[in-house]
Amino acid sequence: MASEIKIGITGAAGRMGRMLVNAVLATDGCALAGATEAPNTSAIGMDIGLLTNSLKDIGIYITDNSEELFAGSDVVIDFTSPKVTELHAGLAGEHKTALIVGTTGLAPGQQSALELAAKKTAIVQAANFSIGVNLLLGLVEQAAKTLPQSYDIEISDMHHRHKVDAPSGTALALGQAAATGRGVNLADVMVSARDGITGPRREGDIGMAVFRGGDVVGDHTVMFAASGERVELTHKATSREIFAAGAVRAAIWANSSAPGLYSMRNVLGF
Ligand code: NAD
């Protein structure tokens with residue numbers, strides 16, 4: 001029998017981190033290699049089992065030693081923050097450990113760190129690891145390609161009150177899919193803030209509206225609004241488990257993939 005894939009989790013006490021630990025423990029063929037958290041936080045030294053669904057000790061303790069995590073894992077899954085992900089990209093390249101990146105809101109320099117590390121190891125980066133959103137990306141691209149520019153594209157994003165980046169990485173990915181379908185550069189047409197006397201809408205713009213509140217896991221709608229009709233494509237995430245399951249699926253895929261920067265659509269084959 002092939003040996004188990006050793007998966008490390010960073011940000012293990014976070015909203016996604018806990019889900020990821022559960023998902024790794026529940027997946028045949030995968031073993032939890034270790035778990036890290038930010039230095040000087042209350043989770044350091046805690047048995048990770050106490051943060052899982054079982055609430056039982058499993059003998060794996062949360063540390064702040066990222067170097068050791070990368071050295072001891074085949075794949076590391078990282079849903080933390082842009083600065084931390086940039087550091088982890090360096091470690092992934094150094095140790096040739098595959099890396100799954102769910103962190104959103106990366107600045108261009110931080111994205112470059114991922115691209116550099118991807119020359120040495122397999123990296124899967126996705127703003128959204130759900131199957132549904134990755135299907136939606138394809139549908140949006142197709143709709144934007146099919147419909148004329150007179151169909152105004154507007155994207156809405158609603159998330160829980162703790163989310164720190166806006167528009168969401170998923171909204172930006174949906175905008176990118178729409179721009180690709182239309183054959184335009186997203187940066188040239190994206191309008192993510194409207195306030196005051198904005199004047200009429202410019203044809204061809206891709207608008208984004210952001211809502212934050214409560215415990216919403218993630219809702220996105222891409223609207224194609226014309227005179228006389230409107231097409232709306234919507235995805236609603238009701239549990240973070242879908243992201244965690246997708247990230248573990250990506251980890252298994254990355255473990256046997258050549259160095260490179262991949263998307264979840266590569267993993268799913270669509
Ligand atoms: P969170 O704040 O609950 O979790 C992040 C965790 O990282 C925290 O527990 C924090 O203490 C920890 N951390 C900070 N510095 C660290 C370090 N140096 N080493 C190890 N851990 C460290 O946030 P969250 O809601 O879990 O989201 C995390 C990221 O994932 C965000 O960027 C969010 O947008 C993104 N996200 C992506 C997807 C997706 O499918 N791609 C889905 C949900 C969330």
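A: One begins with a definition: a salt bridge is a side-chain nitrogen of Lys or Arg within 4 Å of a carboxyl oxygen of Asp or Glu. Side chains of opposite charge can pair when their charged atoms come close. In this predicted model, D157 forms a salt bridge with R212, their closest N and O atoms being 2.8 Å apart. D157 belongs to strand β7 and R212 to strand β9, 55 residues apart.

Q: Is D157 buried or exposed?

A: Buried means under 20% relative accessible area. D157 counts as buried because its relative accessibility is 0%, whereas R212 is partly exposed at 28%.

Q: How many salt bridges does a search of the whole structure find, and which residues are linked in a network?

A: The search finds eight salt bridges. The network links D152, E154, R194 and R201. Within it, R201 pairs with E154, the closest N and O atoms being 2.7 Å apart. E154 lies in strand β7 and R201 in the loop between β8 and β9, so this pair ties together parts 47 residues apart in sequence. R201 also forms a salt bridge with D152, with a closest N and O separation of 3.3 Å.

Q: At what angle do helices α1 and α8 pack, and which residues make the contact?

A: Helix α1 (residues 15-25) and helix α8 (residues 241-255) pack at about 55°, with axes 9 Å apart; α1 is therefore oblique to α8. The contact involves M16, M19, L20, A23 and V24 of α1, and E241, F243, A244, A245, A247 and V248 of α8. Of these contact residues, 10 are nonpolar, none is polar and one is charged.

Notes:
Residues numbered from 1 in each chain as written. Predicted model: local features only at pLDDT ≥ 70, side-chain atom pairs only at ≥ 80, totals over all residues. Heavy atoms only, no water. Axes fitted to C-alpha atoms, helices over the stretch in contact; angles between N-to-C directions. Helix = DSSP H or I, 4+ residues; strand = E, 2+ residues; numbered from the N terminus. Parallel < 35°, antiparallel > 145°, perpendicular 65-115°, else oblique. Contact = heavy atoms within 4.5 Å. Nonpolar A, V, L, I, M, F, W, Y, C, P; charged D, E, K, R; others polar. Buried < 20%, exposed > 50% of the residue type's maximum accessible area, 1.4 Å probe, protein only.
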